Amino acid sequence: MPRTITIGAAQSGPVSRSETRAEVVERLLEQMREARRRDCDLVVFTECALTAFFAHWWIDDEHELEAWFEKEMPGPETKPLFDEAQRLQIGFHLGYAELATESGRKRRFNSSVLVDKHGRIIGKHRKIHLPGHADHRPHNPFQNLEKRYFRVGDLGFQTWQAFNGVVGMCICNDRRWSETYRLLALGGAELILIGYNTPDHIPEHPEMDQHVGFQHQLCMQAGAYENGCWIVAVAKAGVEEGVSQIGLTSIIAPSGQVVAESKSLEDELIVYECDLDETRAYKTLFDFQSNRKIEHYRPITSTAGPVVPIAEESPRQDTAEKL
Ligand code: ING
């Protein structure tokens, strides 16, 4: 019996600063219902799906900043998502700005939750790789102030038994670091869910603008192939509060192929039936137990040039003995 899971990648078009949570939740509910109509088991929403990506602008009023965060999940404004998921019997992934109060202290994270088809939270991820800067750069066309508004995630990269497989999550810039996929795969991940807000212009590196779409998919295609995982990556797309963001919501197979991709920069649901057993062949090809030799990965020293100059290197004892 193949372990298939039909996934709806629910790309969001722009969310304006003036849109209320209720208005955004209504957009997400519509996509959830469409996903159900198209027989999805799981619908994946994007990073910071409930609001405009406020890291793109300077906020120096604590009260104003915290208005962009969810104090509880679910809260009164997001509970309709959980209730509808339960009614429709569909799971979902949701990215949001989390305001946590832990041991009496307020902590802000860029987070995502995985919710089962009964509307119960299975797990949470907090973004670890925070790009951008903490200082105000008024000469840039927009800011990327995640280092100022969020703490580095403190939950590591976790995986959960869910949807008849093993599921992991990461968020946006996490996808550009190969360790992300390897750690999730070492945790048994067969399916990795990602949301992102990715501008099509990098103020400090305009020469990269022409490659933004390619590099967005490159890191995920490599991650999927090298770790035998399905990857579902969902954009907040379009021009949001003056910042033009890529779409390219993608579903990537363990082969590394992009098997489904959004065409617009609006709310758009792309659907694909993922066979989790397709991960097996690649997890065998890259068997961590038998093929990965971490004990042989010599640390690269700081000295210039090769660690052991070739001429001086004595023949490998083990090979010599075997010949
Ligand atoms: N955004 C961007 C990301 O996709 C970025 C920031 C863009 C970094 C392009 C490097 C290159 O990682 C978020 N929100 O992380």
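A disulfide is a pair of cysteine sulfur atoms within 2.5 Å. By this rule the structure has zero disulfides. For Cys 48 the reason is distance: its sulfur lies 9.0 Å from the closest cysteine sulfur, that of Cys 172, which is too far for a bond.

Some ground rules before we go on. This is a predicted model, in which local features need pLDDT of at least 70 and side-chain atom pairs count only at pLDDT 80 or more, while totals for chains, interfaces and linings use all residues. Residues are numbered from 1 along each chain as its sequence is written, and side-chain values use heavy atoms, with hydrogens and water left out.

| Residue | Relative accessibility | Class |
|---|---|---|
| Cys 48 | 1% | buried |
| Cys 172 | 6% | buried |
| Ser 12 | 2% | buried |

Ser 12 sits in the loop between β1 (4-11) and α1 (21-37); helices (H or I, at least four residues) and strands (E, at least two) are DSSP runs, numbered from the N terminus. Its contacts (heavy atoms within 4.5 Å), leaving aside neighbours within four places in sequence, include Arg 27, Gln 31, Lys 236 and Asp 267.

Now to the sheet. Two strands pair if DSSP finds at least two bridges between them. Six strands make an open, mixed sheet in the order β5-β4-β3-β2-β1-β14. β5 (121-126) and β14 (268-275) are at the edges with a single partner strand each, so one side of each has no neighbour in the sheet. Neighbouring strands are turned by 35° against each other on average, direction ignored; axes are lines fitted to C-alpha atoms, for helices over the stretch in contact, and angles run from 0 to 180 degrees between N-to-C directions. β4 (105-115) pairs with β5 in the antiparallel sense over five bridges, and Ile 121 in β5 is the bridge partner of Val 115. Helix α3 (79-88) packs on the sheet against β3, β4 and β5, its direction making about 145° with that of β3.

What about the interior? A nonpolar core is a set of buried Ala, Val, Leu, Ile, Met, Phe, Trp, Tyr and Cys residues joined through side-chain atoms within 4.5 Å. The largest has 25 residues, and Met 32, Phe 45 and Leu 94 are among those with the most contacts inside it. α1 gives the most to this core, with six residues. Leu 94 touches residues including Leu 28, Phe 45 and Leu 81.

How values were computed. Buried means under 20% relative accessible area, exposed over 50%, partly exposed in between (1.4 Å probe, protein chains only).
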